[in-house]
Amino acid sequence: MTKDAILASIRRGLRRGPLPADQRAMLDGRLATHPRHLIPARSRVPRPEQVALFIHNVEKEFGTVDRVTDAADIPAAVAEYLASQNLPPRVVMAPHPELQALPWAGKPLLDVEARRAEATDAVSVQHGYAAIAETGTLMLPSDPARPTTLNVLAETEIVVLRTSRIHGAYEEAWDTLRRERTDPITGGFMPRNVMLVTGPSRSADIEQTLELGAHGPRRLHIILLDDDPAALPGA
């Protein structure tokens, strides 16, 4: 069914025709300008405080964070985390160029496969696109190099994130996504899926008892790469 057929079916259900010109112009203008909502004051702080706020909010929501100053240290950080959680040294990793360029060979006991996740995978390593400090949230848009299955199938998800990609507020993260997903043919496009992840999956639907891993990973670990000098503590 085409887009026009779907919209025509909706109009019939609403018992109305196309929108009047003034209402259509108003909606088109809203879509084009992306009006900003209220931005909490807690996110409008210097860069070191934004990163600290992000880490605080991740940990408040049962996630964990490790910081490294050199990308070459990331494989060791992954191996150390797996050992600390008594997890097998085997991960499925996003086929992202930044992750594939890391020196995984330096950890020969760590088995790394770059592909989409399957139901049998215990640990995934995802490439972090961006993050929002005000709530400790990861922004993970779908992409061939960033498969969505890595975010939902494994019991443990490890996300590698640059501190330069931590934004104060949601609006700033969306601005980045819109700016970077622009092409000369269509003028811009959005990914098929954008996951906003705040801590590991959890639910308290049954008797208000918190259960981790209800609909996705039971553990969320973030490895922060300090690539932004302005965001370093004391900067």
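Modeller: Happy to. Helices (H or I, at least four residues) and strands (E, at least two) are DSSP runs, numbered from the N terminus, and two strands pair if DSSP finds at least two bridges between them.

Colleague: Before we go on, what kind of model is it, and how are residues numbered?

Modeller: It is a predicted model, where local features need pLDDT of at least 70 and side-chain atom pairs count only at pLDDT 80 or more, while totals for chains, interfaces and linings use all residues. Residues are numbered from 1 along each chain as its sequence is written, and side-chain values use heavy atoms, with hydrogens and water left out.

Colleague: Good. Back to that sheet: how many bridges join E6 to E9?

Modeller: Four, and the two strands run antiparallel, with E6 covering residues 137-141. Within that pair, Leu138 stands opposite Val197 in E9. Contact here means heavy atoms within 4.5 Å. The axes are lines fitted to C-alpha atoms, for helices over the stretch in contact, and angles run from 0 to 180 degrees between N-to-C directions.

Colleague: Which residues of H6 are buried?

Modeller: Glu171, Ala173, Thr176 and Leu177 in H6 are buried. Buried means under 20% relative accessible area, exposed means over 50%, and partly exposed is in between (1.4 Å probe, protein chains only). What covers the buried residues of H6 includes E5, E6, E8 and E9.

Colleague: And the other sheet, what is its strand order?

Modeller: That open sheet has six strands in the order E1-E12-E7-E4-E2-E3, and the pairing is parallel. E1 and E3 (111-114) stand at the edges with a single partner strand each, so one side of each is left without a neighbour in the sheet. From one strand to the next, the twist averages 25°.

Colleague: What joins E1 to its partner E12?

Modeller: Five bridges, with E1 and E12 running parallel. Asp66 has Ile223 in E12 as its bridge partner. H3 packs on this sheet, touching E1, E7 (156-162) and E12, and the direction of H3 makes about 145° with that of E1.

Colleague: Is Asn86 buried or exposed?

Modeller: Asn86 counts as exposed, because its relative accessibility is 72%. Phe62 is partly exposed, with a relative accessible area of 44%.

Colleague: What about the aromatic rings, where does Arg165 lie?

Modeller: Arg165 lies over the face of Tyr129, at 4.7 Å from the ring centre. A charge sits over a ring if NZ of Lys or CZ of Arg is within 6 Å of the ring centre and within 35 degrees of the ring normal.

Colleague: Last one, the big picture. Which domains are assigned?

Modeller: Domain 1 (1-35) and domain 2 (42-231), with bounds from an automatic or database domain assignment. Their centres, taken over C-alpha atoms, are separated by 36 Å. The protein has six helices and twelve strands, and 39% of its 235 residues count as buried. The C-alpha trace spans about 65 × 45 × 45 Å along its principal axes.
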